[in-house]
Every structure is written in structure tokens, then in C-alpha cells.
Amino acid sequence: MMFRTHLAFALLIGLVTMSLFNFNKYLFLSLVLFAGILPDIDHPRSKIGKKLRALSVPIKFLFGHRGVFHSVFMAGIISFVIWWFFDRLWIPVFIGYCSHLIIDGFTKLGINFIYPFNQLHLSGFIETNGFIEKLLFYILVGCNVLIIIKNINLF
């Protein structure tokens with residue numbers, strides 16, 4: 001999926017789940033959005049990979065794209081480290097990170113959800129940057145707008 005689709009899906013998941021937790025809404029959504037793009041640190045040409053090239057290039061060299069950084073294990077490791085230092089902030093990070101994994105599971109390339117084990121490879125029918133992804137992006141944006149308008153008092 002493209003950067004913007006990851007952001008739109010992460011925002012949707014964040015909007016739907018933020019009322020379940022007692023967080024500052026803006027902090028919660030910011031962390032969900034950041035974590036929603038974080039797995040693509042393993043690709044130097046991604047938006048986050050370009051910004052953090054010094055990390056992205058060695059990560060891609062060592063682990064490849066859609067390897068360990070696109071697995072629930074990395075979501076767990078990152079969430080554990082955040083919990084260790086920042087207590088409950090692991091929750092929106094885990095939600096955002098998993099949103100990335102879920103939506104990448106619908107692409108033709110897919111992901112190995114439990115990398116390095118091969119038992120749960122998810123792949124779908126959406127071609128990255130293809131017509132269906134573009135349509136999905138606009139649907140996600142529409143859903144986000146409707147949720148924000150309906151719950152304007154949340155902000």
C-alpha cells in the first residue's frame with residue numbers, strides 16, 4: 001500500500017478505537033498515525049525510509065522489505081520497548097503498527113504476519129498503487145470524514 005492509504009487506514013482505526021482508552025485524543029491519533037507508517041522503515045524509497053535513510057538502508061539490507069518489520073513480532077517488540085519506557089503509550093503504537101500489517105495483508109505481495117515462520121502468509125487482490133487501492137483510499141477518507149463530522153465533539 002501507498003503512504004497515504006496507510007495513513008487513511010491508521011486514522012480510521014485510531015478514530016474507531018480511541019474512545020476505548022483514556023488518552024489525549026491528539027496524542028493517541030498522532031502515535032497511531034506514526035506507527036501506521038513505521039513498518040515501511042524497511043524500504044529506503046518509502047516516505048519514512050527517505051526521511052530516516054541512515055536506518056532504512058541497513059534495515060532493508062539485513063531484513064529485506066516486508067520481512068520482520070512487517071510482522072506481529074516486531075509490533076510486539078516495539079510495543080514492549082515503548083511500554084518499558086513510556087507505560088501506556090504502547091497501546092496506540094501497537095494499534096497503528098497492526099493497522100499497517102492488516103492493510104498490507106490485502107495486497108498481492110502480502111505479508112508474512114508471523115515472520116520468520118511461514119504458516120500465516122496473508123495476501124490479497126489489491127495491487128499497490130493500482131485502481132482498487134486508489135478507490136480504497138477515497139473510501140477510507142470518506143469514512144474518516146463521516147466519523148469526524150459525526151463525533152465532532154470528540155475534538
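## Helix 5 against helix 6

In this predicted model, for which local features need pLDDT of at least 70, side-chain atom pairs count only at pLDDT 80 or more and totals for chains, interfaces and linings use all residues, the axes of helix 5 (residues 72–86) and helix 6 (residues 90–104) come within 9 Å and cross at roughly 165°. Helix 5 is therefore roughly antiparallel to helix 6 (angles over 145 degrees count as roughly antiparallel, under 35 as roughly parallel). Residues are numbered from 1 along each chain as its sequence is written, and side-chain values use heavy atoms, with hydrogens and water left out.

On the helix 5 side the contact (heavy atoms within 4.5 Å) is made by V72, M74, A75, G76, I78, S79, I82 and W83, and on the helix 6 side by W90, V93, F94, Y97, C98 and L101. These residues divide into twelve nonpolar, two polar and no charged.

## Helix 1 against helix 7

The axes of helix 1 and helix 7 (residues 131–150) come within 9 Å and cross at roughly 30°, so helix 1 is roughly parallel to helix 7. Residues of helix 1, including R4, A8, F9 and L12, meet residues of helix 7, among them E133, K134, V141 and I148. The residues of this contact divide into 14 nonpolar, two polar and three charged.

## T5 within helix 1

T5 lies in helix 1 (residues 3–17) and is buried (under 20% relative accessible area, with a 1.4 Å probe and protein chains only), its relative accessible area being 1%. Not counting residues up to four places away in sequence, T5 touches I103, E133, L136, F137 and L140.

Key
Helix = DSSP H or I, 4+ residues; strand = E, 2+ residues; numbered from the N terminus. Buried < 20%, exposed > 50% of the residue type's maximum accessible area, 1.4 Å probe, protein only. Axes fitted to C-alpha atoms, helices over the stretch in contact; angles between N-to-C directions. Parallel < 35°, antiparallel > 145°, perpendicular 65-115°, else oblique. Nonpolar A, V, L, I, M, F, W, Y, C, P; charged D, E, K, R; others polar.
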